[in-house]
Amino acid sequence: MENYPSYFTSRLNEALGWARKYSIFQYPFITACCGMEYMATACSHYDVDRFGAGLPRFSPRQADVLFVVGTISHKMAPVLKRIYDQMADPKWVVAFGVCTCTGGFYDNYATVMGIDTILPVDVYIPGCPPRPEMVLDGLMKLQDKIQDQHTTGVRAEPQARPDMFDTGAGK
Amino acid sequence: MSAAVSLIDHVAEQFPEAVIASHSYRGDDTLVLRHEQLHEVAQFLKNDPAFQMNFLMDLAAVDYSVFGQGPTPAFFASSGVALRPSPQIPDEDPWPGPPEGARFVVVYHFFSTIHKHRLRLVVPVDESALEIDTVSDLWPGANWLEREVWDMFGIGFHGHPDLRRILMYDEFEGHPLRKDYPVKKRQPLIGPVN
């Protein structure tokens, strides 16, 4: 009997996660050229609607996932933060393109060096711009993360990246 | 081309005291003007039937304070910018170099959609008197371009209707395209300095 409520709850949560990961309402915060690749991903050729993310909402209050697409300048940063704050929980953030991940090649007076300096980021999709395949891969990773959160009750930690440069060979 | 040469001569005849220098590099006519006569000459260029420069294509500034003091960055070395004229192309009138005794220049690119000719004005501005006359009363498009020059270089425009920053935020201190603005200086509105 002791296990019964938690068993039931976790199954319900799993169902909730399943429902949420296939009904992603995204808020596209598009500032730069990555937007073209976002559109390519969203349109019928790659069709982001196959993953249940086909309905962008242009109000942050109706959105689950903030897609930050394109370079964020210091002038824009407070606006982005405000958009994020206006979104209702549960919410996730995707950094789309290398400028949002790290600032990219804009190491200058105007650019935010990665939006994770001002927001928590769930999925990073690097690339300049990323191919639609990478975007779909990132979207599926986000779906896994949403599902995990509801299955295990905790938000998944980012996985450690394999060390690409220390191969051990030739030493 | 002969008509292009006469553009320079025409202005030099009309305003002998305003023209400091002139050159025509590969068909680009350029006049170096004193800033005191800038507005007068600009008005002439716009209204004179021989010029009718009705289109201000661009308005920008250059900071020459460290020009020539370091090696040319590798990225620009092969671009053949007028630093070293090519021996293959006979060039009787090369670029005269940065202006003497002035840190900045403001550059105006004019085009006439009627005569299909172009003219460039170069106006040296020294650090001691960082203000020149606006041309936004003649070409309304100069309004935002002059605001950009003010924002990036800190050169003022006398008579401008609304001289505010246009690209950077109001809290930003300094003028980022000046060569003495530290390359690594960051002024974020929110978030860490990085």
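Guide: Where the two chains touch, chain A puts in 10 residues and chain B 12 residues; a contact here has C-beta atoms, placed from the backbone, within 7 Å. On chain A's side, six are nonpolar, two polar and two charged (Ala, Val, Leu, Ile, Met, Phe, Trp, Tyr, Cys and Pro count as nonpolar, Asp, Glu, Lys and Arg as charged, the others, Gly among them, as polar). Keep in mind that this is a predicted model: local features need pLDDT of at least 70, side-chain atom pairs count only at pLDDT 80 or more, and totals for chains, interfaces and linings use all residues. Residues are numbered from 1 along each chain as its sequence is written, while chains are lettered from A and ligands numbered from 1 in the order written.

Now for the sheet in chain A. It's open, with four parallel strands in the order E1-E2-E3-E4 (DSSP runs numbered from the N terminus: E, at least two residues, for strands; H or I, at least four, for helices). Pairing takes at least two DSSP bridges. E1 (26-30) and E4 (123-125) of chain A each have a single partner, so one side of each lacks a neighbour in the sheet. Neighbouring strands are turned by 15° on average, direction ignored (axes are lines fitted to C-alpha atoms, for helices over the stretch in contact; angles run from 0 to 180 degrees between N-to-C directions).

Zoom in on E3 (residues 92-96) of chain A: three bridges join E3 to E4(A), and Phe96(A) sits opposite Ile125(A). Helix H2 (residues 34-42) of chain A packs on this sheet, touching E1, E2 (65-69) and E3, at about 130° to E2(A). Helix H3 (residues 77-86) of chain A also touches E1, E2 and E3, at about 165° to E2(A).
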